[in-house]
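Below is a short briefing on one protein model, written for a reader who is meeting such a structure for the first time. Please keep the sequence and the 3D view open while you read, and look up each residue as it is named.

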Amino acid sequence: MSDRSGGGALPPELLSELRASVRALRGELEQRFGIRDTSADPPPEAADFEREPARDEAVADPPRTGFLEGLGRRLRAQFEDVDVVKLYEAVRSRVSIPGAADVSAEVDEFGLDERYLARARGWLDWLFDSWWRVQVTGIELVPDAERVLFVANTAGILPWDALMVAHAVERLHPSRRRPRPLVADWLATLPFSQSRLARMGAVRACAENAERLLLADQWVIAFPEGQKGSLKPFRERYRLQRFARGGFVPLAARLRAAIVPVAIVGAEETYPVLFEPRALRRLLGVPVPITPTFPLLGPLGIIPLPSQWRIRFGAPIRFDDVAPERSSDPLYVNRTREQVRGSIQALLEEELPRRRSIFS
């Protein structure tokens with residue numbers, strides 16, 4: 001490929017500089033990290049970007065990306081055989097990078113970092129036992145099946161409810177399995193929370209991710225109320241919003257995953273939402289609910305209040321005997337979705353009177 005950005009060949013001095021840079025970079029890899037690049041000779045097509053344009057070749061209105069495309073191909077050809085894993089390990093062993101020690105080699109395709117999670121368990125234990133004093137009932141109803149889909153009510157700006165349900169199952173269920181929570185899109189896009197949530201097992205909420213997790217025989221936590229549930233005003237607490245999507249029902253029916261209703265009491269008092277200015281949401285692109293502590297107390301306002309929590313697991317809904325075609329039957333899907341919603345609402349109404357007060 002010729003460089004046509006200026007209507008002629010690349011200047012010889014620029015080509016010479018490029019060749020020298022590539023040779024120097026290859027030599028640095030070989031000398032410092034013991035990584036041998038076997039692609040010493042560029043492939044035939046990689047030399048095209050040095051070629052003189054034909055005299056009769058039209059160059060009147062050329063694309064200005066030609067040189068960059070050629071350079072990209074040349075560099076890819078130079079390093080296509082480099083062992084990237086070996087390079088990463090060599091760099092990490094020689095260079096001290098802030099935070100690099102926190103990255104574990106045991107990271108799955110969704111970002112779960114087992115070593116990071118192991119360190120976070122002490123902090124999660126403290127939140128579970130001391131801050132929210134979580135009481136769990138019905139854990140014996142959770143089946144020890146390959147695929148389980150927990151469906152829960154949601155509340156609060158940050159997904160503390162997702163972390164506590166996952167922690168309750170891991171601590172108290174005989175299988176010691178840790179479910180993977182599905183978190184809202186806008187939470188997954190925040191620069192700081194996204195990485196930490198992913199490293200503790202959270203996954204961005206979408207049908208594709210839920211299906212991939214279930215197919216891998218993972219347990220999954222879904223919150224079908226969505227953003228309407230997490231941002232509902234305090235006066236409407238523990239009144240389940242309409243489930244925005246029924247997608248979890250056909251997915252569970254098709255993959256034979258048991259649905260376990262989960263009622264969470266206490267999470268809706270961690271951030272009592274007074275109102276949520278929609279104009280501010282449109283301006284910033286994320287919801288900014290107003291609570292008694294935020295924005296009045298600034299950053300301290302994001303500290304959740306120490307309400308007393310109760311988590312209640314209900315009887316599972318199984319699909320072992322359901323014909324596969326029922327998963328695409330709208331009537332069956334809607335009826336089952338409302339059955340799950342009704343089960344969660346009934347569990348909430350049973351658990352609420354069992355608290356003496358919000359904080360005890």
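This is a predicted model: local features need pLDDT of at least 70, side-chain atom pairs count only at pLDDT 80 or more; totals for chains, interfaces and linings use all residues.

## A buried alanine and its surroundings

**Around Ala168**

- Apart from residues up to four places away in sequence, Ala168 touches Phe128, Val136, His173 and Ile311.
- Ile139 lies 29 residues from Ala168 along the chain, and the C-alpha atoms of these two residues are separated by 8.6 Å.

**The protein as a whole**

- The protein contains twelve helices and seven strands, and 44% of its 360 residues count as buried.
- If we consider contacts between residues at least 6 apart in sequence, 79% of them join residues that are at least 24 apart.
- The accessible surface of the protein amounts to about 19300 Å², and carbon and sulfur atoms account for 56% of this area.

**The nonpolar cores**

- The largest nonpolar core is made of 39 residues, and those with the most contacts inside it are Phe150, Met164, Val262, Ile264, Trp309, Ile311 and Phe313.
- Two or more residues of this core come from each of the helices α4 (114–131), α5 (160–172) and α6 (185–188), and likewise from each of the strands β2 (148–152), β6 (258–265) and β7 (310–313).
- Which residues does Val262 contact, once its neighbours within four places in sequence are left aside? The partners of Val262 are Phe150, Val151, Ala152, Asn153, Val165, Ile311, Arg312, Phe313 and Ile344.
- There is also a second, separate core of 32 residues, which includes Phe248, Phe319, Val333 and Val340.

**Helices α4 and α5**

- Two packed helices are described by the angle between their axes and by the distance between those axes.
- For α4 and α5 the angle is about 100° and the axes are 10 Å apart, and this angle makes α4 roughly perpendicular to α5.
- On the α4 side, the residues that meet α5 are Arg121, Trp123, Leu124, Asp125, Leu127, Phe128 and Asp129, while on the α5 side they are Trp160, Leu163, Met164, His167, Ala168, Glu170 and Arg171.
- When the residues of this contact between α4 and α5 are sorted by class, eight are nonpolar, one is polar and five are charged.

**Helices α10 and α12**

- Helix α10 (residues 248–255) and helix α12 (residues 330–351) have axes that come within 9 Å and cross at roughly 105°.
- Because angles from 65 to 115 degrees count as roughly perpendicular, α10 and α12 are described as roughly perpendicular to each other.
- Phe248, Val249 and Pro250 of α10 make this contact together with Val333, Thr336, Arg337 and Val340 of α12, and the residues of the contact comprise five nonpolar, one polar and one charged.
- Is Thr336 buried or exposed? Thr336, which is placed in helix α12, counts as buried at 4% relative accessibility.
- Beyond its neighbours within four places in sequence, Thr336 is in contact with Val249 and Phe319.

**Backbone details in the loops**

- The peptide bond that runs from Phe294 to Pro295 is cis, with omega near 5°, and Pro295 has its place in the loop between α11 (278–284) and β7.
- Arg133 is not a glycine, although it has a positive phi of about 50°; this arginine lies in the loop between α4 and β1 (135–137) and is partly exposed, with a relative accessible area of 28%.
- Asp217 is likewise a residue other than glycine with a positive phi, which is near 60°.
- The loop that holds Asp217 runs between α8 (207–215) and β5 (220–222), and Asp217 is partly exposed, with a relative accessible area of 28%.

Conventions
Residues are numbered from 1 along each chain as its sequence is written. Side-chain values use heavy atoms; hydrogens and water are left out. A nonpolar core is a set of buried Ala, Val, Leu, Ile, Met, Phe, Trp, Tyr and Cys residues joined through side-chain atoms within 4.5 Å. Buried means under 20% relative accessible area, exposed over 50%, partly exposed in between (1.4 Å probe, protein chains only). Helices (H or I, at least four residues) and strands (E, at least two) are DSSP runs, numbered from the N terminus. Contact means heavy atoms within 4.5 Å. Axes are lines fitted to C-alpha atoms, for helices over the stretch in contact, and angles run from 0 to 180 degrees between N-to-C directions. Angles under 35 degrees count as roughly parallel, over 145 as roughly antiparallel, 65 to 115 as roughly perpendicular and the rest as oblique. Ala, Val, Leu, Ile, Met, Phe, Trp, Tyr, Cys and Pro count as nonpolar, Asp, Glu, Lys and Arg as charged, and the others, Gly among them, as polar. Accessible areas come from the Shrake-Rupley method with a 1.4 Å probe; for residues, only the protein chains shown count as cover.
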